[in-house]
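The sequence and structure come first, and the description follows.

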Amino acid sequence: MSDKTAVNLTGVKESKGVWLVKVPKYLSQQWDKAADKGEVGKITIGKKQGKTEVRFSLNEELTARGAVGETDASLQVPRDHPFTMHTVGGQTMAVFSQSEADEISLEGMVVHRAECRPVVNDNYMKLKKLQLKESTKPQRLSQQLERAVTTIFKPVANHDFNLEHERKKKSEGKMVRVERQLVLDMLFSAFEKHQYYNIKDLVDITKQPVTYLKEIMRDIGMYNSKGAHKSTWELKPEYRHYQSAEEEEMQTA
């Protein structure tokens with residue numbers, strides 16, 4: 001969805017009020033089984049002892065289909081679901097919908113919050129028992145084979161990246177340590193161009209073994225383990241032939 005998608009705000013002009021209802025997972029799964037534009041159930045609103053009583057009754061056809069993934073046809077999901085009403089609590093909430101063409105529309109503002117709960121009966125307890133049993137099943141199971149596996153997968157003798165490394169190693173030759181002063185000259189020349197270098201870049205410049213190069217850099221340089229130039233090396237102040245921007249500002253001040 002693009003950040004510039006237009007939103008249809010017709011619902012604001014029509015002052016639609018909607019209910020925000022929390023339903024059990026198994027109930028939403030049963031609703032998904034309903035035919036297009038089919039009836040999933042009915043809501044009845046009444047009064048009992050001066051209080052508003054709301055109840056949802058699931059369509060009998062959906063109830064008779066049984067729980068999702070259940071092989072026992074005798075098990076049915078609960079049909080009656082009373083609502084537990086809650087206040088909006090001073091919050092401003094809205095409900096949006098998205099069409100297949102990615103058009104976003106405002107359906108209305110939330111005026112009531114409710115929780116749809118099932119009536120606890122034998123069917124509901126059987127359903128909870130099944131859900132608990134399904135949740136404890138391991139995702140992977142070991143299986144005993146009746147006969148040995150005859151398919152043989154031969155490993156690759158040498159991978160492409162290993163061959164490429166070998167070719168590069170032969171073309172460049174083995175890195176041989178040169179005199180320390182020659183390495184220092186190459187390093188000082190490189191640091192006159194840039195203040196910060198990664199150790200890999202210094203290896204490419206000097207063509208020296210990384211362990212030997214780090215040994216020299218510990219004497220003349222500093223390793224940045226954090227900050228904007230993390231994981232890079234720079235020369236110690238006494239070895240610099242230039243001044244960084246921070247040092248220039250300090251001297252000017």
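## Salt bridges

E134 and K137 are joined through their side chains by a salt bridge, with 3.5 Å from N to O; a salt bridge here is a side-chain nitrogen of Lys or Arg within 4 Å of a carboxyl oxygen of Asp or Glu. The model is predicted, so local features need pLDDT of at least 70 and side-chain atom pairs count only at pLDDT 80 or more, while totals for chains, interfaces and linings use all residues. Residues are numbered from 1 along each chain as its sequence is written, and side-chain values use heavy atoms, with hydrogens and water left out.

The structure holds four salt bridges, and three of them are listed here, including the pair above.

| E134 | K137 | 3.5 Å |

E134 is partly exposed at 40% relative accessible area, and K137 is partly exposed at 46%.

Helices (H or I, at least four residues) and strands (E, at least two) are DSSP runs, numbered from the N terminus. D219 has a relative accessible area of 38% and R180 one of 32%, and each is partly exposed.

## Strands β8 and β9

E234 belongs to strand β9 (residues 232–235), where it points the same way as T232, while W233 and L235 point the other way; all are buried. Strand β8 (residues 221–224) pairs with β9 in the antiparallel sense over four bridges, pairing being assigned if DSSP finds at least two bridges between two strands. N224 stands opposite T232.

S231 is partly exposed, at 34%.

E234 also lies 7.6 Å from F191, C-alpha to C-alpha, although the two are 43 residues apart in sequence. F191 is in helix α6 (residues 180–191) and is buried at 1% relative accessibility.

W19, V21, I43, I45, M85 and V111 make up a nonpolar surface patch with about 500 Å² of accessible area together. Patch members have over 30% relative accessible area and no salt bridge, with like charges joined within 9 Å and nonpolar side chains (Val, Leu, Ile, Met, Phe, Trp, Tyr) within 5 Å. Areas come from the Shrake-Rupley method with a 1.4 Å probe; for residues, only the protein chains shown count as cover. Strands β2 (17–22) and β3 (41–48) each give two or more residues to the patch. V111, in strand β7 (residues 104–116), is partly exposed at 40%.

Q49 sits in the loop between β3 and β4 (51–58), with a positive phi near 55°, and is exposed at 80%.

Methods
Buried means under 20% relative accessible area, exposed over 50%, partly exposed in between (1.4 Å probe, protein chains only).
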